[in-house]
Amino acid sequence: MITGVGVRAEVRWVRADLRARRGQALLTVIAVAGIVTALITAATLLEDGTNPWRGLFERGRGAHVWIHTKGAPNVPALRALGGVTDVAGPYRSAPATLADHGRKVPIALQETTAALPSVARPLLREGRWLDVRHPDGVVVEQSFAKALGLHPGSPFPVTGLNGATHTLTVAGLAESGDQGFYPEWTPGLAWTLSSTLTMVEPAPGRTESVTGLRLADAGYTDIVVQQAVITLRNQVQRVSTWREVRASMELDNRLLGLLLALFGLAGLVAAALALANATGGRVLTQLRDIATLKSLGFTREQVTRMLVAEHGTLGLLGIALGLVAGRVITAYALSDTVVVPLSSGPLVAITAGTALVVLVAVWLPAWRGGATPPIPAAPAAPPHGRLSRLARVALLVRLPPALVLGARDAFTRPTSAILTLTGVAIPMMMITIGLGCWATLDGFIRHPEQVGQAAALSVRPGDLTASEALGRAMADPDVVTAYPGVELDALVPWQTRTVRTRALGLSSDPYPFPVAEGRMFRDRGEAVAGQGLLDLLGLRIGDRVRMTIGGTPLIVKIVGRVIEPEQDGEVLSFGVDSLAAKDATPPQFYSLVLRPGADAGEVRARLQAQALEVDQAVNPADRLSVIRVIIVALVVVLALIGLANLLTASALGLRDHLLDLAVLKAMGLTPRQVMATLVTGTGLVAMAGVVLGGSAGAFLSKGLIDLEGRGSGVGAGIGRAPTPGMLAGALLVAIGATLLVALIPARRAARARVPVTAR
Amino acid sequence: MIRAIGLVKIYQTGGLPVPAVRGVDLVVEPGEFVAIMGPSGSGKSTFVHMLGGLETRTSGEIWLDGKRADTLSESGWAVLRRQKVGFVFQFFNLVTNMTVADNVELPALLGGASPKHARERREYLLAELGLEERASAAPGQLSGGEQQRVALARALANQPRLLLADEPTGNLDSRNTRDVLKLLGKVHRQGQTIVLVTHDARVASMADRVVSLLDGQIVDDAPIARIQRRPGGTAGDIVELRG
Ligand SMILES: Nc1ncnc2c1ncn2[C@@H]1O[C@H](COP(=O)(O)OP(=O)(O)O)[C@@H](O)[C@H]1O
Ligand SMILES: [Mg+2]
């Protein structure tokens, strides 16, 4: 057998090679580890950002199933159900209303203990937990508190069903994985002590019992619910599960998912590039050694195997290290933000993806190494005659010889020039695309009207009449315009689900939707749609769509496509006057366009003081802010990879130049000139790579981000190229770093004494 | 031992055929020491490279130990080399990353020997060459002569049936040349079959037979009369005498 025999020789060689270049090997491991760490961290942050439920639920040891019963249930029977590991409660719960600026907001008071429970534990975020010495204190669920502008210390006037009002105080704010976010999840929740609850709702018949069941596995949920309902017979009033809670917390995360995929891809390309370059460079510098090995009787397969084993091991080691580092970073450095480690799906995808990329990136140069002819000849040196003739011409016409020689060098070695060029251009391109993403986010914030958020606030009349609400809103000096609006779900034929329709403004005075294609609606019966809706219904601009809204059929013609960041773009918008009068009046809300420069938060506070229910628009950039962290991390990793590639390239160039150097020095070039020659040789090509990559990135980023926008349903038209300032800065920094890196080996070479023979 | 029949090598450079070896017939008997001479570019290197399977032939046959070798695959040749053929080139014989000891142990390990056996063999060979102290040195730290002696030790590590050497002394001064030749003479006397390329007549005179190549063809094949040598003299003596 050919294989098997001689493995010891392979191991011996690999060990010797690794020992001879510890630093370089370490760099490879670190580069791959850095990429994997960045990917893991990014994925964890994104997952956590788009799905906070997982973290809250884990941290608070939430209950998977909540059972609402009339009286206290049979707890031992529930605990005995298969799959139930813990029981929370039973807690008494009572409905009540909260007086908020003159309107009444329904809330649920839930009894809890002064000591935080071990299961279904609320996570205190601000203020203090309940205390028996302060029985009038309540802890309010955080999203509800935010919506009502409550803080620790705020008064909390609660009215029970018997009409008695009790002025309680907000002691603290807490989050919970057992209660969805307000307003998706109503009523708002406040935790109180048992005695407080009894005070607000003294009648035992008006409270209900809630009991949480924590399961060994979320998969048991349905069975446990069935069994619990059977066990408790007709005691059960209502059951809710973790699925509903999670659904109320999830963001429309298609855009996030797509962005993550884009960055993941960039990371993988970077990993492939780093490894292919490191391995390729290494193999190229040791072709002669490989030839010697083959003349000794190493087969092609053995050489390939040896190289794959050596470099692949480094790459896999980097992956392992990156996995550990990613875990450690998310567990310790980001412990405040991230509670749950990355779920296994993305983890496996990242691991398998990088492993595959590593093996492919390593296999190509290894195969090339295996195909080396077995004759350890001198390297194919450039024709020396041409060099000296050119040099003489250069000297004759008094051109700086270094420039001429360096430039010539770039053209006479196309392979290494291409290696350098791509090694620099690809990271530069991806950095520029990252900057484009940054500029896009900045654009969202600076020009919210371009993503459909011309109105920073919307007011709901609440207890007021619509015209009263409009009057109070328009009285504010910072409010410029108010558009009446109604949001309704529509049934579309052939669709099993409803789509969101939004009537906002009048056909004659439409809300300033950001129209990306076609035109704005001008007449009754005309509408504009987001990309997501067009995709969902297979429509194009100019098509008519028939639907039923609140039982009334409506036919609209789609005249334009708008940028639609909400509901994954699955929204149809038209004038209020297109709706039947019964649906359109009174308007559900008014969208308020503020004076440029006005502080939406302040206006909101002022309007709330006027007893208006005010919502502030959430800028998509705020939801995507985690992307910025990822962009910075990726830019750093990519820059390091580009520089590492460049180092490999200059080291290679140097090896090829060893013979030339003797000639150059013999010709009378000073060490400084020799250095300049070498720097020009790699520097010119690398600079070309920087410029090429930068322009390609600037050119591509808008299109690429638009592609993401289209895929996510928001629609094309959001993408930005990096600003000229950003681009110029990036190019300058990159060129400076490039020249600096090219300088290091050149300096060393120019100073070194050059052997006359090749060794 | 080794037999070449009508061996032809034509390189294609830029579409133009360059005949390097044009029908060479040669038989080397076991234990024979054949020197191949000829001006630069006459095809000497190409010829010995083909004998060791480093280069594929265009046509012709190569027989080694009574078995046909020219039809072997690349891997087949590699295995044959590790068992039966040792190579010494003019330059770049040693793996730069490995120590002298590792370089010499490599062929034995490649042949499947145990690390212990490989080490013993290496210790013996380096001792023979007076290079024990350099065992842990890197090749770059050795002089040219030392490098070539280590290369020779490595080529002989697996006790190959055939030693092929392509101008092994071409890059050495006379003192180092003498050391290398001394060693060659010694292994030859122990029965080693050697085919050696040189354009140094003094080196060639050590051989049993000198084959002259010109433009890829054998123009002369003459045994060196034993009487030319001083009875009992060694190769080293001859070089000393003439150098
Ligand atoms: N790899 C090659 N490609 C093309 N031509 C070659 C190659 N190697 C050698 N030659 C040509 O073959 C001829 C013989 O070369 P070589 O065997 O190296 O001669 P010698 O070793 O006698 O100096 C020369 O003309 C040389 O240019
Ligand atoms: Mg030659």
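**Note on a predicted two-chain model**

1. *A strand pair in chain B.* B:Trp63 stands opposite B:Arg68 in strand β5 of chain B. The partner strand is β4 (residues 59-64) of chain B, which is joined to β5(B) by two bridges, the two strands running antiparallel. Both belong to an open sheet of four strands, arranged in the order β2-β1-β4-β5 (chain B) with antiparallel pairing. At its edges lie β2 (16-28) and β5 (67-68) of chain B, each of which pairs on one side only. Helix α1(B) packs on this sheet and touches β1 (2-13), β2 and β4 of chain B; the direction of the helix makes about 120° with that of β1(B).

2. For chain A the mean pLDDT is 80, with 87% of residues reaching 70 or more. Within chain A, helix α13 (residues 384-396) has the lowest confidence, at a mean of 50, while strand β15 (residues 526-529) has the highest, at 90. The pLDDT is below 50 over residues 379-388 of chain A, a stretch that has 15 contacts in the model beyond near neighbours in sequence. It is also below 50 over residues 755-759 of chain A, where the corresponding number of contacts is nine.

3. *The six-stranded sheet of chain B.* Another open sheet in chain B has six strands in the order β6-β7-β8-β3-β9-β10, with mixed pairing. Strands β6 (85-88) and β10 (217-223) of chain B form the edges, each pairing on one side only. From one strand to the next, the twist averages 15°. Within the sheet, strand β3 (residues 33-37) of chain B runs parallel to strand β8 (residues 193-197) of chain B, and four bridges join them. In this pair, B:Ala35 stands opposite B:Leu196 in β8(B). Helix α1 (residues 44-51) of chain B packs on the sheet, where it touches β3, β6, β7 (162-166), β8 and β9 (209-214) of chain B; its direction makes about 155° with that of β7(B).

4. The largest nonpolar core here has 38 residues, and B:Leu152, B:Leu163 and B:Leu184 have the most contacts inside it. At least two residues of this core come from each of β3, α3 (100-110), α4 (115-129), α5 (144-155), β7, α6 (174-189), β8 and α7 (201-204) of chain B. Setting aside residues up to four places away in sequence, B:Leu184 touches B:Leu152, B:Leu163, B:Ile194, B:Leu196 and B:Met206. A second, separate core has 34 residues, including A:Ile35, A:Ile319, A:Val358 and A:Ile735.

5. *A covered strand in chain A.* Strand β8 (residues 188-193) of chain A is mostly covered, with six of its six residues buried. A:Gly188, A:Ala190 and A:Thr192 point one way from this strand, and A:Leu189, A:Trp191 and A:Leu193 point the other way. Strand β5 (residues 137-141) of chain A runs antiparallel to β8(A) and is joined to it by two bridges. In this pairing, A:Val140 stands opposite A:Ala190.

6. A:Lys294 is 80 residues away from A:Pro374 in sequence, yet their C-alpha atoms are 4.9 Å apart.

7. *Totals for the chains.* Chain A has 23 helices and 20 strands, and buried residues make up 51% of its 759 residues. Its accessible surface comes to about 32,800 Å², 63% of which belongs to carbon and sulfur atoms. Chain B has eight helices and ten strands, with buried residues making up 56% of its 243 residues. For chain B the accessible surface is about 10,300 Å², 50% of which belongs to carbon and sulfur atoms. Among contacts in chain B between residues at least 6 apart in sequence, 68% join residues at least 24 apart.

Definitions and conventions
Residues numbered from 1 in each chain as written. Chains lettered and ligands numbered in written order. Predicted model: local features only at pLDDT ≥ 70, side-chain atom pairs only at ≥ 80, totals over all residues. Heavy atoms only, no water. pLDDT = per-residue confidence, 0-100. Contact = heavy atoms within 4.5 Å. Pairing = 2+ DSSP bridges. Axes fitted to C-alpha atoms, helices over the stretch in contact; angles between N-to-C directions. Buried < 20%, exposed > 50% of the residue type's maximum accessible area, 1.4 Å probe, protein only. Areas by Shrake-Rupley, 256 points an atom, 1.4 Å probe, with all protein chains shown as cover. Core = buried A, V, L, I, M, F, W, Y, C linked by side-chain atoms within 4.5 Å.
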